[in-house]
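I opened this entry to record what I looked up in the model.

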Amino acid sequence: MRIVLLGAPGSGKGTQAQRLQAEHGAPQISTGDLLRAAVKAGTELGKRAKAAMDAGELVSDDIVLGMIHHRLAEPDTETSFVLDGFPRNAAQAQALEDLLTGIEKPLDTAVLMDVDNDILMKRLTGRRTCSKTGKIVNIHFSAKEDIEDIVANGGELMRRADDNEETIANRLGVYREQTAPLIDFYRERGKLVTVDAVGSMEEVQQRLLEAVGA
Ligand code: AMP
């Protein structure tokens with residue numbers, strides 16, 4: 001399975017990619033996670049990316065494409081991968097297509113995770129990550145026990161730096177202007193499927209698996 005998860009911030013790409021990795025062994029490649037790790041480690045790349053990330057803007061294509069080239073050369077991506085948060089604009093989509101054609105690993109499917117705007121806002125403002133395990137929960141939607149478990153196990157509920165109202169609005173604007181046009185890019189290539197991404201994690205996962213024929 002070689003897939004791209006497309007969708008607005010908060011549409012659940014990261015959550016579903018984590019599940020596909022855990023249950024189907026398809027490595028999750030999240031440019032957002034790779035960039036956050038670089039920022040945390042204080043690398044040169046992280047320093048260059050930080051300002052754009054804090055503002056909810058896109059990091060430059062050369063940084064992101066370099067990371068993707070590197071990651072897709074690693075052996076665990078030989079038969080499958082789930083791209084989460086990449087590509088995010090037309091230039092990235094074209095570069096990905098050229099790269100995958102060159103290494104003879106064409107994409108199977110681009111999955112559009114479809115969610116209404118109101119729900120996106122709640123998901124983004126309520127999103128928290130466990131400081132210990134990286135598990136993602138939502139203070140508006142997750143089961144009370146899941147949140148209590150994290151705290152009971154000594155984890156802290158961390159809010160991502162870019163999950164504040166102002167940056168969220170900017171990220172949604174960037175999505176509409178730069179990333180949403182990729183829906184047509186993949187539709188024209190016959191690779192697009194749309195998944196209703198509102199529902200429990202299990203329901204959405206089931207729809208996603210059916211959509212990609214897994
Ligand atoms: P995400 O975790 O996917 O929501 O990404 C968080 C932030 O990282 C975005 O708001 C961008 O600043 C940056 N980012 C992640 N992926 C990309 C990408 N493919 N191209 C440019 N910037 C990205």
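I took axes as lines fitted to C-alpha atoms, for helices over the stretch in contact, with angles running from 0 to 180 degrees between N-to-C directions. Helices (H or I, at least four residues) and strands (E, at least two) are DSSP runs, numbered from the N terminus. The model is predicted: local features need pLDDT of at least 70, side-chain atom pairs count only at pLDDT 80 or more, and totals for chains, interfaces and linings use all residues. Residues are numbered from 1 along each chain as its sequence is written, and side-chain values use heavy atoms, with hydrogens and water left out.

Helix packing. I looked up α2 against helix α3 (residues 44-55): their axes come within 8 Å and cross at roughly 115°. I noted that the contact (heavy atoms within 4.5 Å) involves G32, L35, R36, A38 and V39 from α2, and L45, G46, A49, K50 and M53 from α3. By class, I recorded six nonpolar, two polar and two charged residues in this contact; Ala, Val, Leu, Ile, Met, Phe, Trp, Tyr, Cys and Pro count as nonpolar, Asp, Glu, Lys and Arg as charged, and the others, Gly among them, as polar.

Ligand site. Which residues are closest to the ligand? I found T31, R36, E57, R88 and Q92 to be the closest of the 16 residues that surround the ligand (a heavy atom within 4 Å). Helix α2 (residues 31-41) gives the largest share of this shell, four residues. The shell comprises six nonpolar, four polar and six charged residues.

I then checked polar contacts (pairs of N or O atoms within 3.5 Å). A polar side-chain atom of T31 is 2.8 Å from a ligand nitrogen atom. For Q92, a side-chain N or O atom lies 2.9 Å from a nitrogen atom of the ligand. At E57, a backbone N or O atom is 2.6 Å from a ligand oxygen atom.

Backbone. I located a cis peptide bond between F86 and P87, with omega about 0°. P87 sits in the loop between β3 (81-84) and α5 (90-102). E104, a residue other than glycine, has a positive phi near 55°; I placed E104 in the loop between α5 and β4 (109-114).

Note on methods
Polar contact = N/O pair within 3.5 Å; in protein donor to acceptor, adjacent residues only side chain to side chain.
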